[in-house]
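Let's walk through this structure together, starting with its overall layout and ending with a few backbone details. Keep the view open as you read.

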Amino acid sequence: AEARIGLVGLGVMGANLALNIADKGFPVAVHNRRTSVIHDFIGKAGPLAENLVPAEDYAALAAALTPPRAVILMVPAGGPVDSVIEALTPHLDTGDIIVDAGNADFNETRRREAALRDEGLRFVGMGVSGGAEGARHGPSIMVGGAEAAYAEIAEVVESIAARYQDTPCAAHLGPDGAGHFVKTVHNGIEYADMQMIAEIYGLLRHGDGRSTDSIAELFHGWNQGPLQSYLVEITAKVLATADPETGQPMVDVILDSAGQKGTGRWTVVEALKLGQSPMAIEAAVAARSWSAEKALRETGEGLLSPQDAPETGPRVLDGDLERGLLAARIIGYAQGFWLLSAASEEFDWSLDLARVAEIWRAGCIIRSSLLDDIAQAFRGELPGGALILAPAFVRMLRDSVSALRRVVAAAAVSGQPVPALSAALAYYDTMRQARGTAALIQGQRDFFGSHGFVRVDTGEADQHGPWGA
Ligand code: 6PG
């Protein structure tokens with residue numbers, strides 16, 4: 001045996017992860033379905049080739065490793081993962097470990113973990129965030145599976161992870177699907193954050209008619225303050241980039257139809273199954289779907305636009321946009337963490353949410369200074385277990401929600417869509433009303449279906465109104 005760990009799937013993410021492992025001094029056996037890719041990859045790896053062991057088939061991959069073997073899979077989610085597992089397992093022995101490092105649906109991870117456990121194998125579902133650059137130089141890594149299985153690979157995983165204040169941004173978070181669930185919610189928060197940033201951009205560009213360069217500068221400036229984050233940083237860079245072909249802003253030559261591989265949608269689907277509605281994330285998924293309705297929007301522009309909204313609304317100050325975005329971002333993260341605690345309870349994971357915030361602090365796409373405050377809040381007093389009720393967040397929201405109101409109001413008046421910003425505000429306003437409007441819903445349900453309600457004065461359940469009288 002010549003390698004410490006195996007890796008299957010030399011796409012961009014897999015190749016970069018393999019280079020990262022090799023770079024940290026661990027020999028890694030690499031396999032790819034198309035074998036020419038293996039040799040091309042090693043041929044281009046420079047001095048790191050020394051730590052890369054080609055494995056043309058699964059037998060060779062298994063032979064290159066010492067039991068208990070550990071093999072990382074970085075192949076597309078769904079069918080391809082099952083195919084690789086099926087082809088690989090005959091070459092493995094009891095106690096060997098398969099690590100799925102792709103963006104898996106956590107239900108599938110739970111299924112695979114149970115099935116492989118029956119065969120005496122161990123399965124680790126490992127969420128990896130940070131894109132291609134992260135995979136190469138330090139991603140954030142969210143692990144689910146048996147603790148003893150993680151112990152076998154922890155040294156490699158923690159040495160390739162990003163570091164924040166000298167601590168690796170990698171952690172074993174819980175059994176079976178816990179890591180992939182946390183990664184899925186990470187992506188849900190990613191969707192919400194990206195959408196909120198895009199909505200602020202829309203107000204500046206379409207509402208206020210500002211140039212991409214001036215908006216880039218604004219975001220660049222905001223990135224030095226409480227909004228400091230990777231997504232705000234790259235937003236400034238994207239907006240400052242010109243198309244080499246035409247000289248136009250790059251963002252103007254890109255079709256306004258957003259892609260989605262599915263993790264945002266999974267977040268919403270799993271949330272709904274748990275009786276949760278992280279509406280800022282739902283709105284972001286919806287906005288991507290609506291963006292893909294390009295033909296409908298093109299027809300709609302001619303028919304709906306002129307009559308419906310004034311060209312300009314009240315002017316929003318830049319400081320309001322900054323603070324409004326901060327308020328909405330806090331609420332988006334808070335909804336994601338609330339979903340994590342609901343899942344933790346349902347699946348008995350005992351997720352350490354402070355630790356989750358800490359491993360998101362570097363390497364991943366949603367890394368931001370706000371995560372420091374979040375980690376601290378989870379380590380301190382937390383009324384109701386809800387981030388928005390932590391003393392520090394109550395203060396931050398008090399200082400920023402009025403700005404969010406002005407942003408959402410101005411957007412509504414001028415006809416600029418801000419689904420994620422307004423969803424965040426609606427959540428905030430709902431959570432600060434001890435008594436809301438659902439008594440009327442209950443009355444309606446009882447009226448047409450005799451569904452019963454609870455009386456507030458006596459606490460009696462299954463009560464009915466005198467509707468028929
Ligand atoms: C990350 C990202 C990554 C994700 C892409 C594309 O954490 O590195 O979340 O895992 O696959 O961002 O996702 P969509 O195609 O769904 O936008």
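**From domains to details**

The domain assignment divides the protein into domain 1 (5-176), domain 2 (184-431) and domain 3 (439-469); such bounds come from an automatic or database domain assignment. Before going on, please keep in mind that this is a predicted model: local features need pLDDT of at least 70, side-chain atom pairs count only at pLDDT 80 or more, and totals for chains, interfaces and linings use all residues. Residues are numbered from 1 along each chain as its sequence is written.

The C-alpha centres of domain 1 and domain 2 are 32 Å apart. Across their boundary, 22 residues of domain 1 are in contact with 17 residues of domain 2, where contact means that the C-beta atoms of two residues, placed from the backbone, lie within 7 Å. On the side of domain 1 that touches domain 2, β6, α6 (131-137), β7 (140-144), β8 (163-164) and β10 (170-174) each supply at least two residues. These labels are DSSP runs numbered from the N terminus, with helices being H or I runs of at least four residues and strands being E runs of at least two. The largest share of that side, 4 residues, comes from β10. By class, the side of domain 1 that touches domain 2 has 11 nonpolar, 9 polar and 2 charged residues. Here Ala, Val, Leu, Ile, Met, Phe, Trp, Tyr, Cys and Pro count as nonpolar, Asp, Glu, Lys and Arg as charged, and the others, Gly among them, as polar.

Where does the ligand lie? Domain 1 and domain 2 both give residues to the shell around the ligand, so the ligand lies between them. This shell holds 13 residues, and the closest are Ser129, Asn187, Gln260, Lys261 and Ile365; a residue is near the ligand if its C-beta atom, placed from the backbone, lies within 6 Å of it. Helices α8 (178-207) and α11 (263-273) each supply at least two residues of the shell. Its make-up is 2 nonpolar, 9 polar and 2 charged residues.

Now for the database record. In an unreviewed entry, UniProt lists Asn103, Ser129, Gly130, Gly131, His186, Asn187, Tyr191, Lys261, Arg288, Arg445 and His451 under "binding site". These positions span 349 residues in sequence and the farthest two C-alpha atoms are 49.4 Å apart, so they do not all gather at one spot. UniProt positions are given in the numbering used here, feature names are shortened, and annotations may be inferred rather than shown by experiment.

Two of these listed positions deserve a visit. Ser129 lies in strand β6 (residues 122-129) and counts as buried because it has 25 C-beta neighbours inside 10 Å. The cut-offs are 20 or more other C-beta atoms within 10 Å for buried, 12 or fewer for exposed, and partly exposed in between, with C-beta atoms placed from the backbone. Leaving out residues up to four places away in sequence, the contacts of Ser129 include Lys183, His186 and Ile365. Tyr191 is in helix α8 and is buried too, with 29 other C-beta atoms within 10 Å. Beyond four places in sequence, Tyr191 is in contact with Gly264, Ile281, Ala284 and Val285.

Lys183 is in helix α8 and is buried, with 30 other C-beta atoms within 10 Å. Glu190 is also found in helix α8 and counts as buried, with 23 C-beta neighbours inside 10 Å. Not counting residues up to four places away, Lys183 touches Asn103, Gly127, Ser129 and Met142, while Glu190 is in contact with Ile365 and Ile366.

Finally, the backbone. Most residues other than glycine have a negative phi, and most peptide bonds are trans. A cis peptide bond joins Pro67 and Pro68, with omega about -5°. Asp176, not a glycine, has a positive phi of about 20° and sits in the loop between β10 and α8.
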